[in-house]
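Dear colleague,

Please find the structure below, together with its sequence. My notes on its salt bridges follow.

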Amino acid sequence: MDTSLLVPADPIPGVRPAEQNRSRALQDKFVTAGRQVLLTTRLDDLAIPVLAKAANSSVGGFYSRFETKDAFFEFLRHRMLTEHMALYSEHLSPSRFEGKAAQDVSEAFVDVMLIVFSGPWRGVLREAYALLTLRPESWAPMKARGQYLRQRVTDLYSPHVSNPAGLEERVSFAMQLLFSALNNEMMNPNLSFSIKDDAFRRHLIVTLDTLVAGDLTLPVTGREGQHDA
């Protein structure tokens with residue numbers, strides 16, 4: 001697929017070009033501060049003076065690089081998606097699974113997603129998901145990322161499963177469950193399992209591995225389930 005769809009267009013409207021080292025350094029300070037502050041603060045509640053203080057800069061420094069808070073967040077999301085793509089390339093490289101089994105793919109995929117959802121971009125990722133209903137156009141790179149991962153993971157599983165028929169569909173459904181579990185954990189702090197729990201990781205791996213293997217027999221319902229006496 002066209003990997004250019006996986007991240008928003010660059011340059012981002014409202015983000016002033018950082019052509020000098022000093023400008024890039026200031027930009028990076030705000031990026032680091034932004035992802036740190038958003039771990040505990042929602043985007044709507046993010047005040048520019050608070051952000052500027054966290055970046056050891058000033059409100060004027062912020063506006064010298066970003067025209068609006070929305071432009072700043074789009075820049076954060078761009079950086080996040082770019083770094084996450086690098087993680088996927090590293091952890092899901094086909095060369096890492098030569099001579100391995102399907103469970104090794106399941107473990108690697110769950111582990112890289114745990115890194116993504118628990119890492120320094122967690123707050124930015126949370127806000128990106130929260131904004132999807134308000135900004136439907138922002139779904140495009142997220143959808144492209146999902147399609148890219150589905151194809152990449154399907155290709156990794158393919159040599160290792162004994163039931164290849166319907167593999168892409170099973171991977172797609174398993175990924176939907178995985179993303180739902182991770183997203184729900186990120187949005188709701190009151191659940192039974194936390195992303196920090198080893199049990200959470202184990203259950204995700206087993207669920208993914210079992211669904212992808214395709215060894216489950218679904219119950220037959222309706223007229224097809226009726227037998228003559």
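In this predicted model, Glu 127 and Arg 42 form a salt bridge, with their closest N and O atoms 2.4 Å apart. The two residues come from distant parts of the chain, 85 residues apart: Glu 127 belongs to helix α6 (residues 122–130), whereas Arg 42 sits in the loop between α1 and α2 (48–54). Glu 127 has a relative accessible area of 4% and is therefore buried, since the cut-off for this class is under 20%. Arg 42, with a relative accessible area of 38%, is partly exposed.

Glu 127 also forms a salt bridge with Arg 126, and here the closest N and O atoms are 2.8 Å apart. Arg 126 is buried, its relative accessible area being 10%. Because the salt bridges share partners, Arg 42, Arg 126 and Glu 127 are joined into one network.

The structure holds nine salt bridges. One of them brings together the side chains of Arg 79 and Asp 28, at 2.8 Å from N to O. Arg 79 lies in helix α4 (residues 69–91) and Asp 28 in helix α1 (residues 21–37), so this pair ties together parts that are 51 residues apart in sequence. How accessible are Arg 79 and Asp 28? Arg 79 has a relative accessibility of 24% and counts as partly exposed. Asp 28, at 35% relative accessibility, counts as partly exposed as well.

With kind regards

Definitions and conventions
Residues numbered from 1 in each chain as written. Predicted model: local features only at pLDDT ≥ 70, side-chain atom pairs only at ≥ 80, totals over all residues. Heavy atoms only, no water. Salt bridge = Lys/Arg side-chain N within 4 Å of Asp/Glu carboxyl O. Helix = DSSP H or I, 4+ residues; strand = E, 2+ residues; numbered from the N terminus. Buried < 20%, exposed > 50% of the residue type's maximum accessible area, 1.4 Å probe, protein only.
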